Amino acid sequence: MAKSLEQLQAQIAKLEAQAQAVREKEAVGVIARIKEAIKHYRLTPAQLFDDVPSTGRATPATGKAYRTRSNASAKFGDGQGRTWSGLGKRPDWFKAALAAGKTPDELLISKSSGVAVNSKPKRASVKRAAGGRKKGPGLPKYQSAEGQTWTGVGKRPGWFVAALEAGKTEDDLLIKQS
């Protein structure tokens, strides 16, 4: 049976009133829990409303300030004042620069001058594990026809799996030692 527009609007108004009553009833419990947490953790209004100083905040148990993680210094820059530390999600300007053909090395910032430099990346440090074995990035063991390499350690890369599925063997992909 079709309802008229007036009947539907009356039903909506009734449901909105019921929703408001439920919201108010739930809010009482939420407010009580928030007040309990504020008291338990000795939170201040400044902490609750983003006026927390960047040097740290008091811990609940000791009341002493603890240090928060500071912002990392800029590692990459575009020469127009936009910088990125290299941590977290890549910013749009960085992605656009890569899409335009720049390399991450070209966007590196010199620590002394704050100007982007074009330098080679540092070699990864190699640590020695127990027994004198080297621990760190290994030498490539497998190579594709396109020049992609894999050390043979860890998850198999997509190009390696695709080559095996195409009929190649692991021996076919081994880098020939001279």
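Tutor: Glu-170 and Arg-156 are joined by a salt bridge, with 2.7 Å between their closest N and O atoms. Glu-170 belongs to helix α5 and Arg-156 to the loop between β10 and α4, so this pair links distant parts of the chain, 14 residues apart. A salt bridge here is a side-chain nitrogen of Lys or Arg within 4 Å of a carboxyl oxygen of Asp or Glu. Helices (H or I, at least four residues) and strands (E, at least two) are DSSP runs, numbered from the N terminus. The model is predicted: local features need pLDDT of at least 70 and side-chain atom pairs count only at 80 or more, while totals for chains, interfaces and linings use all residues. Residues are numbered from 1 along each chain as its sequence is written, and side-chain values use heavy atoms, without hydrogens and water.

Glu-170 is partly exposed, at 32% relative accessible area, and Arg-156 is partly exposed at 41%. Buried means under 20% relative accessible area, exposed over 50%, and partly exposed in between (1.4 Å probe, protein chains only).

Next comes helix α4. This helix runs over residues 158-165, and Trp-159, Phe-160 and Ala-163 are buried in it. Viewed down the axis of α4, the buried residues fall within an arc of 100° (taken over the directions from the helix axis to the C-beta atoms), so they line one face of the helix. The face turned away from this buried side carries Gly-158 and Glu-165, which are exposed. Elements covering the buried residues of α4 include α5 (170-173), β9 (142-143) and β10 (149-150). Just after α4, Gly-167 has a positive phi of about 110°.

For the nonpolar cores, the criterion is a set of buried Ala, Val, Leu, Ile, Met, Phe, Trp, Tyr and Cys residues joined through side-chain atoms within 4.5 Å. The largest has seven residues: Phe-76, Trp-84, Trp-93, Phe-94, Ala-97, Leu-107 and Leu-108. Helix α3 gives the most to it, three residues. A second, separate core has six residues, among them Tyr-142, Trp-150, Trp-159 and Leu-173.

Phe-76 and Trp-84 form a stacked one, 5.5 Å centre to centre with 25° between the planes. Both of these residues, Phe-76 and Trp-84, are buried. Phe-76 also pairs with Phe-94: the centres are 5.1 Å apart and the planes at 65°, so this pair is edge-to-face. Phe-76 lies in strand β3 (residues 76-77) and Phe-94 in helix α3 (residues 92-99), so the pair ties together parts 18 residues apart in sequence. Rings of Phe, Tyr and Trp (its six-membered ring) pair if their centres lie within 6.5 Å; planes under 30 degrees apart are stacked, over 60 edge-to-face, and the rest tilted. Phe-76, Trp-84, Trp-93 and Phe-94 form one aromatic cluster. Phe-94 has a relative accessible area of 1%, and Phe-76 one of 9%.

To return to salt bridges, a search of the whole structure finds three. Asp-78 and Arg-82 form one of them, at 2.5 Å from N to O, with Arg-82 partly exposed at 41% relative accessible area. In another, the closest N and O atoms of Asp-92 and Lys-95 are 3.9 Å apart. Asp-92 and Lys-95 both lie in helix α3, three residues apart, about one turn of the helix. Asp-92 is exposed, with a relative accessible area of 61%, whereas Lys-95 is partly exposed at 38%.

How values were computed:
Contact means heavy atoms within 4.5 Å.
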